[in-house]
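Have a look at the structure first, and then we will start with a pair of helices.

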Amino acid sequence: MLLRQLEYLVALARERHFARAAEACHVSQPSLSAAIQRLEHELDVPIVRRGRRYEGLTPEGEVVLAWAHRILAERDALRQELSALRGGLTGTLRLGVVPTALPVASLLTTPFCERHPRAGVTLQSLSSEEIRHGLAEFELDAAMTYLDDDTLRQVRRFPLYEERYVLLTPVDGPLGHCDTASWSQAATLPLCLLNSRMRNRRIMDECFAAEGATAAPAIESDSVAGLYAHLPGGRWSCVISHAWLHMFGVPEGMRVVPLEGPAHGPRVGLVIARTEPTSVLADALVAVAREAGVRDALDQLLHSYLGGRG
């Protein structure tokens with residue numbers, strides 16, 4: 001059995017298409033198909049359900065796939081550990097990030113690359129479900145996500161910051177002169193918010209509901225950048241996490257107004273799989289995270305925009 005055969009199987013399971021899997025592995029489709037057939041022969045089990053197109057894996061194939069992920073992860077861990085012994089980490093850290101944490105990912109990735117100049121980072125914007133799958137299948141080394149996600153199993157958690165929610169509103173708008181605002185007041189404004197599929201939006205809806213209000217945004221987006229694209233011009237207001245200020249700041253003609261209610265929202269943090277072997281790259285990122293002071297940096301940034309009001 002060759003490691004390359006296992007790589008082909010993992011690619012096929014991921015792409016669910018022989019031609020796309022072959023392209024991802026930089027080989028011809030006949031070469032990939034032949035390698036998987038040899039793997040079936042060596043293990044003496046059917047691995048792929050074959051028809052006119054890819055139809056999935058057999059039960060035996062699912063078992064082989066799980067072992068393939070584990071074996072390839074062990075190979076990668078060996079390479080990383082040996083590279084560290086030779087004078088510095090090499091390889092690529094695979095980091096998944098929920099979209100609402102992307103604006104602050106650079107607070108970890110930049111010092112990581114400065115400390116380990118021979119290593120790189122692949123950053124992916126992923127949903128919570130995709131992060132769970134990526135960690136379980138050894139497709140991610142680490143992730144930035146909400147730590148109170150009960151569906152995250154067998155992971156180590158490292159808190160980074162608690163979301164704090166504020167209102168971005170035009171300076172000449174109804175609440176532009178206020179030092180603070182209630183969630184019910186914010187609900188009366190022309191709003192643009194994340195859509196309801198996003199965890200951040202569902203948290204905000206709970207805050208609105210706690211004051212007997214319901215937000216009815218005219219504009220919804222699945223990205224923070226999509227929200228900020230609508231803010232210049234003075235028509236729209238938006239409830240944001242203070243972490244977004246790190247990347248996007250405050251658009252001209254707008255003002256940050258603290259929202260009354262809970263001082264902090266849910267915790268966002270770094271998670272890595274509690275499996276063996278552990279990723280040397282993930283452990284290196286955790287070491288950076290412990291020293292990065294993300295929470296303090298974001299709180300100081302918010303304080304600067306509030307001008308001492310919060």
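## How H1 meets H2

Helix H1 passes helix H2 in a right-handed crossing. A crossing is called left-handed if the near helix is turned anticlockwise from the far one by less than a right angle, and right-handed if clockwise. On the H1 side, the contact is made by Arg4, Glu7, Tyr8, Ala11, Leu12, Arg14 and Glu15, and on the H2 side by Phe18, Arg20, Ala21, Ala24 and Cys25. Contact here means heavy atoms within 4.5 Å. Sorted by class, these residues are 7 nonpolar, no polar and 5 charged. In this scheme Ala, Val, Leu, Ile, Met, Phe, Trp, Tyr, Cys and Pro count as nonpolar, Asp, Glu, Lys and Arg as charged, and the others, Gly among them, as polar.

Two packed helices are described by the angle between their axes and the distance between the axes. For H1 and H2 the angle is about 130 degrees, with the axes 8 Å apart. That makes H1 oblique to H2. The cut-offs are under 35 degrees for roughly parallel, over 145 for roughly antiparallel, 65 to 115 for roughly perpendicular, and oblique for the rest. The axes are lines fitted to C-alpha atoms, for helices over the stretch in contact, and angles run from 0 to 180 degrees between N-to-C directions.

## What you are looking at

This is a predicted model, in which local features need pLDDT of at least 70 and side-chain atom pairs count only at pLDDT 80 or more, while totals for chains, interfaces and linings use all residues. Residues are numbered from 1 along each chain as its sequence is written, and side-chain values use heavy atoms, with hydrogens and water left out.

The protein has 12 helices and 12 strands. These are DSSP runs numbered from the N terminus, with helices (H or I) of at least four residues and strands (E) of at least two. The C-alpha trace spans about 75 × 50 × 30 Å along its principal axes. Of the 310 residues, 47% count as buried, where buried means under 20% relative accessible area, exposed over 50% and partly exposed in between, using a 1.4 Å probe and protein chains only. Among contacts with a separation of 6 or more, 73% come from residues 24 or more positions apart.

## H3 joins in

Helix H1 (residues 3–15) also packs with helix H3 (residues 29–43), at an angle of about 110 degrees and with the axes 9 Å apart. That makes H1 roughly perpendicular to H3. The H1 residues in this contact are Gln5, Leu6, Tyr8, Leu9 and Leu12, and they meet Ser31, Leu32, Ala35, Ile36, Arg38, Leu39 and Glu42 of H3. By class, this contact has 8 nonpolar, 2 polar and 2 charged residues. H1 passes H3 in a left-handed crossing.

H2 and H3 pack against each other as well, at about 100 degrees with their axes 8 Å apart. That makes H2 roughly perpendicular to H3. Phe18, Ala19, Ala21, Ala22 and Cys25 in H2 meet Gln29, Leu32 and Ser33 in H3. This contact has 6 nonpolar, 2 polar and no charged residues.

H1 has 13 residues and reaches 18 Å from its first C-alpha to its last, close to the 18 Å expected at 1.5 Å a residue. The expected span is 1.5 Å times one less than the number of residues. Which residues of H1 are buried? They are Gln5, Leu6, Glu7, Tyr8, Leu9, Val10, Ala11 and Leu12.

Arg75, in helix H4 (residues 59–85), touches Leu3 and Glu7, leaving aside residues up to four places away in sequence. Arg75 and Leu3 are 72 residues apart in sequence, yet 9.0 Å apart in space, C-alpha to C-alpha. Arg75 is buried, with a relative accessible area of 17%.

## Two positive phi angles

Most residues other than glycine have a negative phi, and most peptide bonds are trans. Arg16, in the loop between H1 and H2 (18–25), has a positive phi of about 55 degrees although it is not a glycine. Asp44 has a positive phi of about 60 degrees, and it is not a glycine either. Asp44 sits in the loop between H3 and strand S1 (48–50) and counts as exposed, at 66% relative accessibility.
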